[in-house]
Amino acid sequence: MNQLYRLLHTPPASLIKTLAGWKETYAIALRPVPTAPGCDPLPALGQGRYTCLPGTPGHWYTDPQLFARAGERWLFFEDFDLAANKGAIAALPLPADGRPGEPRTLLTGESHLTFPTVFEWNGEVWLIPGTGEDRTLCLYRCRRFPDDWELARSFPVGMDLAGTILLDAAPEALTLLSAQRQPEGGPAARLRRFTLRPDPAAEGGFALEEDEPFGLEHRAYGLDVCNAGPLFCWGGQQIRPARGGTRAQEDAYLQFWARRDGRETPLCAATPRNIEVEGVDPSALLGIRSYCRDGQLEVLGIRCLARPR
């Protein structure tokens, strides 16, 4: 019934491709940050074509995050193996010439791994992947960048967390923001805030404390609150990208939230009609799943239809 419902709510041009055998897939697309006057990508992400990263047969790439280390730029992402029906965390270097290096698998697990959040804290590099299906929040420490990671602590949280980002980092604690999916299933979620702190007396040396639901505006479950990437600054504001969708299409568009005085207000949204991806038919572009940027690059996780081989 869910698949039929989705088909009935698919745009006609996309539906024709689906019926002709085109398959849904995920990919990562990037472009230089527009610099011409009036071309700042928000609010609609227009002005400039994106280019897809080369993929690997039998794999989907999604949920990218940029990370700079020792003067080098890296792209972390989920590498979903279709045969295994499971995601792993991978990364590749993105040098200044724009030519991506070879992807390498960094982290695998018994359960599905997704949405890597990578950050520096107290002189070390850390990673929090999405592990919500087993109702945990996991913290990994990097022993040798970028390939060697160890599990510092797995926290049983008793809820399905769809993705965790960093709100604030102080030497004594991290403030994390996660999206909790509805216990009964479905695409809706609400935001939960956690404090993670070093604690020599706790298991693994870390303790996790759960706060109240984040913000009065996000106490109820909604369809446009799941984190779609790390916080970034734009126009003097702190912006949180979120996945927006409907009951038929879970990750159809991006919703940007502006954080002001401890609250969030909707800033603008970006749909597939607002972007152009080289080599992707506009009617085959189904949704925008994630977004990140630095001073030079913008990166999207997209959902699209691929022509049958």
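Me: To start, how many helices and strands are in the protein?
Reply: The predicted model has two helices and 21 strands.

Me: And what share of the residues is buried?
Reply: Of the 309 residues in the protein, 51% are buried.

Me: What about contacts between residues at least 6 apart in sequence: what share joins residues at least 24 apart?
Reply: That share is 48% in this protein.

Me: Let us turn to cavities. How many of 30 Å³ or more are there?
Reply: There are two cavities of 30 Å³ or more.

Me: Which residues line the largest cavity?
Reply: Its lining consists of Asp63, Pro64, Gln65, Phe115, Pro116, Thr117, Ile165, Ala228, Gly229, Pro230 and Ser290. Strands β3 (59-69) and β7 (114-121) each supply at least two residues of this lining.

Me: How does the lining of the largest cavity divide into nonpolar, polar and charged?
Reply: Six residues of that lining are nonpolar, four are polar and one is charged.

Me: And what lines the second largest cavity?
Reply: The second largest cavity is lined by Ile128, Pro129, Gly130, Thr131, Gly132, Thr136, Leu137, Cys138, Leu161, Gly163 and Thr164. Two or more residues of this lining come from each of β8 (124-130), β9 (136-144) and β11 (161-170).

Me: What is the division into nonpolar, polar and charged for the second largest cavity?
Reply: The lining of the second largest cavity has five nonpolar residues, six polar residues and no charged residues.

Me: Changing topic, how many aromatic pairs does the structure hold?
Reply: The structure holds 14 aromatic pairs. One of them joins tryptophan 126 and phenylalanine 206 in an edge-to-face arrangement, with 5.6 Å centre to centre and 80° between the planes.

Me: Where in the chain are tryptophan 126 and phenylalanine 206?
Reply: Tryptophan 126 belongs to strand β8 and phenylalanine 206 to strand β14 (residues 206-213). The two are 80 residues apart, and their pair links distant parts of the chain.

Me: Are tryptophan 126 and phenylalanine 206 buried or exposed?
Reply: Tryptophan 126 and phenylalanine 206 are both buried.

Me: Which residues do ring pairs link into a cluster?
Reply: Phe67, Trp74, Phe76, Phe145 and Trp149 are linked into a cluster by ring pairs.

Me: Which residue lies over the face of phenylalanine 145?
Reply: Arginine 69 lies over that face, at 5.9 Å from the ring centre.

Me: On backbone angles, what is phi of alanine 70?
Reply: Phi of alanine 70 is near 55°, which is a positive value in a residue other than glycine. Alanine 70 sits in the loop between β3 and β4 (72-81).

Me: Why does alanine 70 count as exposed?
Reply: Alanine 70 counts as exposed because its relative accessible area is 77%, and the cut-off for exposed is over 50%.

Me: What is phi of arginine 135, and where is this residue found?
Reply: Phi of arginine 135 is near 60°, again a positive value in a residue other than glycine. Arginine 135 is found in the loop between β8 and β9. At 38% relative accessibility, arginine 135 is partly exposed.

Me: Now β13. Where does arginine 193 lie, and how accessible is this residue?
Reply: Arginine 193 lies in strand β13 (residues 189-198). Its relative accessibility is 26%, so arginine 193 counts as partly exposed. The C-alpha atoms of arginine 193 and glutamine 180 are 10.0 Å apart, with the residues 13 apart in sequence.

Me: And alanine 189, is this residue buried or exposed?
Reply: Alanine 189, also placed in strand β13, is buried, with a relative accessible area of 0%.

Me: Which residues is alanine 189 in contact with, leaving aside neighbours within four places in sequence?
Reply: Alanine 189 is in contact with Ala179, Gln180, Arg181, Ala220, Tyr221, Gly222, Val225 and Cys226.

Me: How far is alanine 189 from alanine 162, C-alpha to C-alpha?
Reply: Their C-alpha atoms are separated by 8.3 Å, and the two residues are 27 apart along the chain.

Notes
Residues numbered from 1 in each chain as written. Predicted model: local features only at pLDDT ≥ 70, side-chain atom pairs only at ≥ 80, totals over all residues. Heavy atoms only, no water. 1 Å grid on protein atoms, 1.4 Å probe; cavity = no way out; pocket = protein on both sides within 12 Å on 5 of 7 lines; lining within 4 Å. Points joined across faces, edges and corners; volume = space filled by probe spheres on them. Helix = DSSP H or I, 4+ residues; strand = E, 2+ residues; numbered from the N terminus. Nonpolar A, V, L, I, M, F, W, Y, C, P; charged D, E, K, R; others polar. Phe/Tyr/Trp six-rings, centres within 6.5 Å; stacked < 30°, edge-to-face > 60°. Buried < 20%, exposed > 50% of the residue type's maximum accessible area, 1.4 Å probe, protein only. Lys NZ or Arg CZ within 6 Å of the ring centre and 35° of its normal. Contact = heavy atoms within 4.5 Å.
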